[in-house]
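Take a moment with the sequence and the model below. Then follow the text from one stop to the next.

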Amino acid sequence: MALTTAAQSRSSFDLKSASLPVVAVLLKTTDAAQFVADLAERVADAPGFFDNDPVLIDLAPVREAEAPIDFAAIAAALRQHNTLPVAVRGGSPAQMDAARVAGLAAAPDAPPPRAEAPVAPVQEVIREVEVVREVPVQVPMPGPGTVVVDKPLRSGQQVYARGADLVVLAVVSFGAEVIADGNIHVYAPLRGRAIAGARGNTEARIFSTCLEPQLVSIAGIYRTTETELPAEVRGKPAQVRLEGEKLLIEPLA
């Protein structure tokens, strides 16, 4: 009987490796109080941007700091803003030990970034937003294929084209979310959230025949439409692309 019970227990689950996109928070200070205040100010521009996203805290900028880090306070602030802090990376041995005591796992260090070509001057900028949402892989990863969606996406629905471009042939309603590691094409009204280059592809773009999104993001740089879009792109065919660390929103001819 004991052997039978053990066998049933082992067959009740499987163990498999898995990977998930996470939000990487690049910590630039050991002052937890300052971090808490800055985080509250930053997310005030987009109060609904985070949706229980898992968070990785990158300690590389403060690795040489001697002051201790209050990981419990930092993790509590992140949870308050609808994120789930799960791991740290890039810290000194003492910092990593302190993070583990606070219940955070140790993650592998990020690969060194590839040198980028000089960026041409920007002529027209709708809005510049400092990078908040970083992704684990920071080099371009063009998608090998295309995912096509031919049905409307309603509020609360999400489609992620992992390693591919995404083509949507119907409306993306307010509250819906489309994500792609490559480009996003919406041949209908885009009213929800569109996140292209989700794994760091800075060459990714967002295209729509009727641009009126809740949020657009490319390679971690995002813009909400709490500030109304200009008349030349609002509700019209337009594209969103990245120029350096600035999002450009331009009409399509």
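Which residues does Val171 touch, not counting residues up to four places away in sequence? The model is a predicted one, and in it Val171 touches Pro152, Leu153, Ala188, Pro189 and Arg191. Take Arg191 from that list. Val171 and Arg191 are 20 residues apart in sequence. In space their C-alpha atoms are 7.7 Å apart. Val171 itself sits in a loop, between strand E7 (164-168) and strand E8 (177-180).

Now step back to the whole chain. The protein chain has 253 residues, and 40% of them are buried. It holds four helices and 15 strands. Its accessible surface comes to about 13900 Å². Carbon and sulfur atoms account for 54% of that surface. Contacts also reach along the sequence. Among those between residues at least 6 apart, 47% join residues at least 24 apart.

Two of the helices deserve a look. Two packed helices are described by the angle between their axes and the distance between the axes. Helix H2 covers residues 32-43, and helix H3 covers residues 71-80. They pack at an angle of about 10°. Their axes are 9 Å apart. Angles under 35 degrees count as roughly parallel, and H2 and H3 are therefore roughly parallel to each other. From H2, the contact is made by Ala32, Phe35, Val36 and Leu39. From H3 come Ala73, Ile74, Ala77 and Leu78. By class, this contact has eight nonpolar residues, with no polar and no charged ones.

Leu78 leads on to Thr83. The side chain of Thr83 reaches the backbone oxygen of Leu78 at 2.6 Å. Thr83 lies in strand E3, which spans residues 83-89. Is Thr83 buried or exposed? Its relative accessible area is 3%, so Thr83 is buried.

Between H3 and E3 there is a loop, and Asn82 lies in it. Asn82 is not a glycine, yet it has a positive phi of about 60°. Asn82 is partly exposed, because its relative accessible area is 38%.

Ala219 is the last stop. Ala219 also has a positive phi, of about 50°, although it is not a glycine. Where does Ala219 lie? It lies in the loop between strand E12 (215-218) and strand E13 (221-224). At 17% relative accessibility, Ala219 counts as buried, because buried means under 20%.

Note on methods
Residues numbered from 1 in each chain as written. Predicted model: local features only at pLDDT ≥ 70, side-chain atom pairs only at ≥ 80, totals over all residues. Heavy atoms only, no water. Helix = DSSP H or I, 4+ residues; strand = E, 2+ residues; numbered from the N terminus. Buried < 20%, exposed > 50% of the residue type's maximum accessible area, 1.4 Å probe, protein only. Polar contact = N/O pair within 3.5 Å; in protein donor to acceptor, adjacent residues only side chain to side chain. Axes fitted to C-alpha atoms, helices over the stretch in contact; angles between N-to-C directions. Parallel < 35°, antiparallel > 145°, perpendicular 65-115°, else oblique. Contact = heavy atoms within 4.5 Å. Nonpolar A, V, L, I, M, F, W, Y, C, P; charged D, E, K, R; others polar. Areas by Shrake-Rupley, 256 points an atom, 1.4 Å probe, with all protein chains shown as cover.
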